[in-house]
Amino acid sequence: MKRVRFCCGSPKNTRKGRLLLVMCLLVVFNGCTLFKINVTPSLGPLKETTVSGEGGDKVLLIDIKGVISNKKEVSALGAVMNVGLVDRVREIIKKAEKDDAVKALILRINTPGGTVTSSDIIYHEIKTFKERKKIKVYAVVMDLAASGGYYIAQAADRIIVHPTSLTGSIGVIAMKMNLSGLMDKMGVDFEVVKSGDHKDFLSPFRALTKDERLIFQETIDNLHQRFVSTIEENRKQLNRDEIKKLSDGRIYTSQQALDAKLIDQIAYMDEAEEFIKKDLELDKMRVVIYHRTGQYKSNIYSSPPVPPAINFNFVNLNFVPETPGPNFLYLWMP
């Protein structure tokens, strides 16, 4: 076996070369970054890839996966792997807007839900795009389309789920931490100066009062009614009373959801693709995706993670939320 020796300069300078290499790998000096390595290329523009079919007419597949928010996808070592989901959907729609060959959208959904606002924005973006372009939208559920995922699916003309999918969890949740008991044990007090009695009602350093709990519940109820109204607007098969009975937060299997008229069809992805072709009355149809360089896509099920990047600036474990206080969530929490 041939041995390969790495050195900097001549053999006499090998020791100096190694020292120089070590110095290059030191990443912080007086708060300044000296060195950064990205294993993956920086984020570039979206490009189109065909993952199924042929012909000039296109159906664009959009992934709605993971927790729904507009937080950037960051590796454990701090590299930005993707923009936030809201930004990405908006970017995809802007690109599709310019392509008259796009005849429909497929929303491939696999999510437990997420923040109320991000779910609502994505729903709005897809619904208005559909109305502007006069095209159909199909939601195809993979493992899970719960809460905010089901909310986004309301933008679709037809909701199709796999035989083993779960969906539903129609409801809203928000939580606040109460550390008052722990602080009492530690002998720590937290003093607050405020302009109104309820200014700090979501503070983690005390419990809610009875009035504050009512205020909190009223907000939750209003957001829940918006969810119910969105379903009522889009699923004409159900009236408001029926939707309310189904909207207690529970999750449904595919057959339960079909029986309850929350979905339209149970099918695998390839079966859904054939149905869409017939529904659009197309002889040939290409399923395409928009993705960035390095995100390999080979077929309609492809959804690989982005390769990791190494960023010596910092290590980001995503422990710290982007915004303080509670988030109101369309989220299934099993």
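Arg132 is partly exposed, with a relative accessible area of 43%. This value, like the others reported here, was computed from a predicted model. Arg132 forms a salt bridge with Glu97, and the closest N and O atoms of the pair lie 2.7 Å apart. Because Arg132 belongs to helix α3 and Glu97 to helix α2 (residues 85-97), the contact ties together parts of the chain that are 35 residues apart in sequence. Glu97 has a relative accessible area of 29% and is therefore classed as partly exposed.

Side chains of opposite charge can pair when their charged atoms come close. A search of the whole structure identified 18 salt bridges. In one of the salt bridges, Glu48 pairs with Lys58 at a distance of 3.0 Å between the closest N and O atoms. This pair links distant parts of the chain, with Glu48 in strand β3 (residues 47-53) and Lys58 in strand β4 (residues 58-65), 10 residues apart. The two partners fall into separate accessibility classes: Glu48 counts as partly exposed at 30% relative accessibility, whereas Lys58, at 10%, counts as buried, the limit for burial being under 20%.

A further salt bridge joins Lys277 to Glu274, with 3.9 Å between the closest N and O atoms. Both residues lie in helix α9 (residues 269-279), and because they are 3 residues apart, about one helical turn separates them. Lys277 counts as partly exposed at 22% relative accessibility, and Glu274 likewise counts as partly exposed at 41%. Salt bridges that share partners also join Glu48, Lys58, Asp99 and Arg286 into one network.

Helix packing was examined next. Two packed helices are described by the angle between their axes and the distance between the axes. The axes of helix α3 (residues 116-133) and helix α6 come within 12 Å and cross at roughly 20°. Since angles under 35 degrees count as roughly parallel, α3 and α6 are roughly parallel to each other. Their crossing is left-handed.

Backbone geometry was considered at two lysines. Most residues other than glycine have a negative phi. Lys134, although not a glycine, has a positive phi of about 60°. Lys134 is found in the loop between α3 and β9 (136-146) and, at 72% relative accessibility, counts as exposed. Lys261 is not a glycine either, yet has a positive phi of about 65°. The loop between α8 (254-259) and β13 (265-266) contains Lys261, which is partly exposed with a relative accessible area of 41%.

On the surface, Leu182, Met186 and Val188 form a nonpolar patch that together presents about 290 Å² of accessible area. Val188 is located in the loop between α5 (180-186) and α6 (210-234). With a relative accessibility of 39%, Val188 counts as partly exposed.

Asp241 is placed in helix α7 (residues 240-246). Its relative accessibility of 55% classes Asp241 as exposed, the threshold for that class being over 50%. Asp241 and Val228 are 13 residues apart in sequence, and their C-alpha atoms are 9.7 Å apart in space.

Terms used
Residues numbered from 1 in each chain as written. Predicted model: local features only at pLDDT ≥ 70, side-chain atom pairs only at ≥ 80, totals over all residues. Heavy atoms only, no water. Patch = residues over 30% accessible without salt bridge, like charges linked within 9 Å, V, L, I, M, F, W, Y side chains within 5 Å. Areas by Shrake-Rupley, 256 points an atom, 1.4 Å probe, with all protein chains shown as cover. Salt bridge = Lys/Arg side-chain N within 4 Å of Asp/Glu carboxyl O. Helix = DSSP H or I, 4+ residues; strand = E, 2+ residues; numbered from the N terminus. Buried < 20%, exposed > 50% of the residue type's maximum accessible area, 1.4 Å probe, protein only. Axes fitted to C-alpha atoms, helices over the stretch in contact; angles between N-to-C directions. Parallel < 35°, antiparallel > 145°, perpendicular 65-115°, else oblique. Left-handed = near helix turned anticlockwise from the far one by under 90°.
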